Amino acid sequence: QVQLVESGGGLVQAGGSLRLSCVASGNIISINVMGWYRQAPGKQRELVATITSSSSTNYADSVKGRFTISKDNAKRTVYLQMDSLKPEDTAVYYCNAALSTVTAPFLNNYWGQGTQLTVSS
């Protein structure tokens, strides 16, 4: 059973910073990609940033230069450092991972439960 557990959300003022963390646990063989997505009220879930096993990163245009994704392979943890936050960054942030497990040795997609970020103006 794979679990992705996010932490670090909360309320922050515009211009502030926050760091999200997501820990993957379970009978994992390998992680191909980890990333962050977000969903604001009334909007579709959208990609924020991803990082591959080779540490190649990809960012949504709206967060480039403000957000930084990183990972700790030993801890199976992905981070999202968010700086210069804007009210429009307010959303539920979801951790995502494409990984294989002992019982499912092929790539599957997994999601965390989400963590709320609210940026006040």
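This is a predicted model: local features need pLDDT of at least 70, side-chain atom pairs count only at pLDDT 80 or more; totals for chains, interfaces and linings use all residues.
## The four-stranded sheet

Four strands form an open sheet in the order E1-E3-E8-E7, and their pairing is antiparallel. At the edges stand strand E1 (3–7) and E7, each of which pairs on one side only. Neighbouring strands in this sheet are turned by 15° against each other on average, with direction ignored.

Strand E8 (residues 77–82) is mostly covered, since 5 of its 6 residues are buried. Strand E3 (residues 18–25) pairs with E8 in the antiparallel sense over 6 bridges. Strand E7 (residues 67–72) also runs antiparallel to E8, and 6 bridges join these two strands.

| Residue | Residue opposite, in E8 |
|---|---|
| Leucine 18 | Methionine 82 |
| Serine 70 | Tyrosine 79 |

E7 and E8 also form a hairpin, with 4 residues between the strands. In this hairpin, arginine 76 takes a positive phi near 50°.

## The nonpolar core

Which residues touch the most other members of the largest nonpolar core? They are Trp36, Leu80, Met82 and Tyr93, in a core of 30 residues. At least two residues of this core come from each of E3, strand E4 (28–39), strand E5 (46–52), E7, E8, strand E9 (91–101) and strand E11 (115–120). E9 gives the most, with 5 residues. The general background is that nonpolar side chains tend to be buried together in soluble globular proteins.

Not counting residues up to four places away in sequence, tyrosine 93 touches Glu6, Leu20, Trp36, Tyr37, Arg38, Val48, Phe67, Leu80, Met82, Gly114, Thr115 and Leu117.

## The disulfide

How many disulfides does a search of the whole structure find? The search finds 1. This disulfide joins cysteine 22 to cysteine 95, with an S to S distance of 2.1 Å. The pair links distant parts of the chain: cysteine 22 belongs to strand E3 and cysteine 95 to strand E9, 73 residues apart. The link between cysteine 22 and cysteine 95 is left-handed, with -80° about the S-S bond. Both cysteine 22 and cysteine 95 are buried.

## Arginine 66

Arginine 66 lies in the loop between strand E6 (57–59) and E7. Is arginine 66 buried or exposed? Its relative accessible area is 10%. A residue counts as buried under 20%, and therefore arginine 66 is buried.

The side chain of arginine 66 has polar partners. One of its polar atoms lies 2.9 Å from the backbone oxygen of serine 62. The side chain of arginine 66 also makes a polar contact of 2.7 Å with the side chain of aspartate 89. Leaving aside neighbours within four places in sequence, arginine 66 is in contact with Gln81, Met82, Asp83, Ser84, Leu85, Lys86 and Asp89. One of these contacts, Met82, is also among the core residues that touch the most other members.

Note on methods
Residues are numbered from 1 along each chain as its sequence is written. Side-chain values use heavy atoms; hydrogens and water are left out. Buried means under 20% relative accessible area, exposed over 50%, partly exposed in between (1.4 Å probe, protein chains only). Two strands pair if DSSP finds at least two bridges between them. A nonpolar core is a set of buried Ala, Val, Leu, Ile, Met, Phe, Trp, Tyr and Cys residues joined through side-chain atoms within 4.5 Å. Contact means heavy atoms within 4.5 Å. A disulfide is a pair of cysteine sulfur atoms within 2.5 Å. Axes are lines fitted to C-alpha atoms, for helices over the stretch in contact, and angles run from 0 to 180 degrees between N-to-C directions. A polar contact is a pair of N or O atoms within 3.5 Å; within protein, one must be able to donate a hydrogen and the other to accept it, and residues adjacent in sequence count only if both atoms are side-chain atoms.
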